[in-house]
Amino acid sequence: MNLDVWPGKPTPLGATYDGKGVNFAIYSENATEVELCLFTEQDHEIRLPLKEVHNQIWHGYLPGLQPGQRYNYRVHGDFLPKQGHRFNRKKLLLDPYAEAITGDIGYGEEIFAYPWETEEKDLACSNTDDSHLIPKCVVVNHDFDWEDDRPLQTPWHETIIYEVHLKGFTQQHPEIPQHLRGTYAALAHPTAIDYLKNLGITAVELLPIHHFLAYPRHLITKGLHNYWGYDSIGYFAPYSEYSATGRQGEQIQEFKAMVKALHQAGIEVILDVVYNHTGEGNHLGSTVCFRGIDNVAYYRLVDNDPRYYMDFTGCGNSLNVRHPQVLKLIMDSLRYWVEEMHVDGFRFDLASALARELYEVNRLAAFFDIIHQDPILSNVKLIAEPWDVGEGGYQVGNFPLLWSEWNGKYRDTVRDFWRGEDNTLNEFASRFTGSPDLYQANGKLPHASINFITAHDGFTLRDLVSYNEKHNQANGENNHDGEDHNRSWNCGAEGETDEEEILKFRSRQQRNFLVTLMLSQGVPMLLGGDEIGRTQQGNNNAYCQDNELTWFNWELSPDHKALLTFTQKLIQFRQQHPIFHRRNWFQGRSIHGSQVNDISWHHPDGSAFSEKQWETNQLTKAITVFLNGLELSAPDPEGKRLTDDSFLLLFNSYQEETVFTIPDALQNRNWQVVIDTNQGGFISEEKSYAGKEEIIINGFSILVLTIIE
């Protein structure tokens, strides 16, 4: 190993192999000394001071160094917590720009910059070395044969998202080799690819795969660890424990092979990213990366007491997005995943926190301005979780152009409707048509609304119809964690039951939710496993459950197989009919002169809702919606007029049967039943209605009818 350190260059940040050696560069504006730490095959540590500093970037070049070399840093400076500085040269630190990290961070007192036994806690400086607990960064070589892989750029209005945990999806799959399960390679396996393709989704949204802190103090003392991964510590490195091939940088090749395989199947890859906070926690948290490199630069500190952290996330800290270097870190990371790793988009966790330049959420924050003008990132899918835990953090409908949003109002409205709560006509109509009240005035299109019923955070769909209360005892917090107001309904019994009528009702309710989701305007997001009745036994906050509670159970009962088949057909039905995924908003009027509106709303007796009823926001539980396939305002990709079948959707969220009648203007046609959620879903036999014939719909059911030509 050549230990001559040449001056090198301040850019790019990180460890860069150029075929002849490696350039190292790391940012710290308040450090007094930076040591590059190299590790031999025998784990001997060699410390090399980086003497060159340019624009607060410490850098050096080592000729002859090769990919696979392991390294970290030690950063010297003042330990003055009351002034915000927490440097400690005894702590081995990860490179914020590391593209591969060898494994999990070990747990022990040594990874904290203060000794536990002192009364002063974080004000005292620890003198214990933690190198045996800190994984090593790895110099990588990005050679990979992408062949003709290109961004799929699936149009937003044709997108169907499948939110899924990479490990949980494959960990118990009997047709995937055991040594691959729970890894990037498992998701690329033909069995997994075929399942996703047959399901019909167009994009997988993966829970965090950035390298994260898996064993935080509050979990390891309970014998648990971080399963979801929302404690990022390496924004360029794919989490090494999801790799089947090893920990020395091979995870990059494995991740790329996964993306390539999914793309070949026509499936985009969206990453759930956590740039609002890191896994280092609050002032009593560990020191493994950013805190030890430059705490004042990387984190939002309390203005008049910088010992403490601003916390807009509930996770102990918030990244200092006001700082140019932090903005650069985020932007460099995003571009890296698009350009080098070929991902197709991002879902930003607690995105409102990124918009906070002071305390308030600023719609024109620098972060969004930079994204908007970036030639790479402005062309990928951008999804915001439009809230954080700070004051004024609920920002559904307020994100700028280019951004789609998790529509929490859609979730709440649809959940309330199907548990029989009083629902207003305006609210249901807005959510079903893509939430124009939230997005249309801002110049956005229906795809701005990411519609979902369930997500990783909360009940699964099966649990939503099986539990009135959360059951989080396994998390070790006396059932105090997790959301208390779930808008769920157990259909008559709490949890598992053998009562046949309740089980049938729950199955129908799951179909009701799925039909509503897939036939609404906007972009549907299906929680992975909802299509096979996955349960977490009432746990609505399973972030720390890396076990059978969260892993997919692939031993499907007949009922679960039937639900899967129904979901496959439903997704295919949506994709076949452009009326259910329009590019533009409904106008509520005739567009091409058919004398029938593109959409109309009716009482069960067929009469149209009056203007007064719209103005008074009438309560309703039974609605008929007419969708006119001859009145699609947007042309097809070739610019030709686009038409589709016309449909009547009859929603009944009363407990009792309700009599419906076809609206007067449509009684001159015959209407065939396509979907009846009370009868198991898609109807194979001929069943039709015409004229003023009564249509009796069971309580809590949907009927979908189409014109018979």
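Visitor: Where in the chain does Asp598 sit?
Guide: Asp598 is in the loop between α14 and β21 (599–602). Helices (H or I, at least four residues) and strands (E, at least two) are DSSP runs, numbered from the N terminus.

Visitor: Before we go on, what am I looking at?
Guide: This is a predicted model, so local features need pLDDT of at least 70 and side-chain atom pairs count only at pLDDT 80 or more, while totals for chains, interfaces and linings use all residues. Residues are numbered from 1 along each chain as its sequence is written, and side-chain values use heavy atoms, with hydrogens and water left out.

Visitor: Back to Asp598, then. Is it buried or exposed?
Guide: Asp598 is buried, at 0% relative accessible area. Buried means under 20% relative accessible area, exposed over 50%, and partly exposed in between (1.4 Å probe, protein chains only).

Visitor: Which backbone nitrogen lies 2.6 Å from a polar atom of its side chain?
Guide: That's the backbone nitrogen of Gln587. For reference, a polar contact is a pair of N or O atoms within 3.5 Å; within protein, one must be able to donate a hydrogen and the other to accept it, and residues adjacent in sequence count only if both atoms are side-chain atoms.

Visitor: Let's zoom out. How many helices and strands does the chain have?
Guide: The chain has 15 helices and 29 strands. Buried residues make up 62% of its 709 residues.

Visitor: What does the radius of gyration say?
Guide: A compact globule with 709 residues would come in near 27 Å, and the chain has 27 Å, which agrees. That radius is taken over C-alpha atoms, and the globule rule is 2.2 Å times the number of residues to the power 0.38. Along its principal axes, the C-alpha trace spans about 90 × 55 × 55 Å.

Visitor: What share of contacts join residues at least 24 apart?
Guide: It's 72%, among contacts between residues at least 6 apart in sequence. Contact means heavy atoms within 4.5 Å.

Visitor: Where are His342 and Gln537?
Guide: His342 is in the loop between α7 (324–339) and β16 (345–348). Gln537 is in the loop between β20 (523–527) and α14 (558–576).

Visitor: And which of the two is buried, which exposed?
Guide: His342 is buried, with 17% relative accessible area, whereas Gln537 is exposed at 52%.

Visitor: What about Pro12, where is that?
Guide: Pro12 is in the segment before β1 (14–17). Leu3 is in the segment before β1 too, and Leu3 is partly exposed at 37%.

Visitor: Which residues does Leu3 touch?
Guide: Leaving out residues up to four places away in sequence, Leu3 touches Leu38, Ile46 and Leu48.
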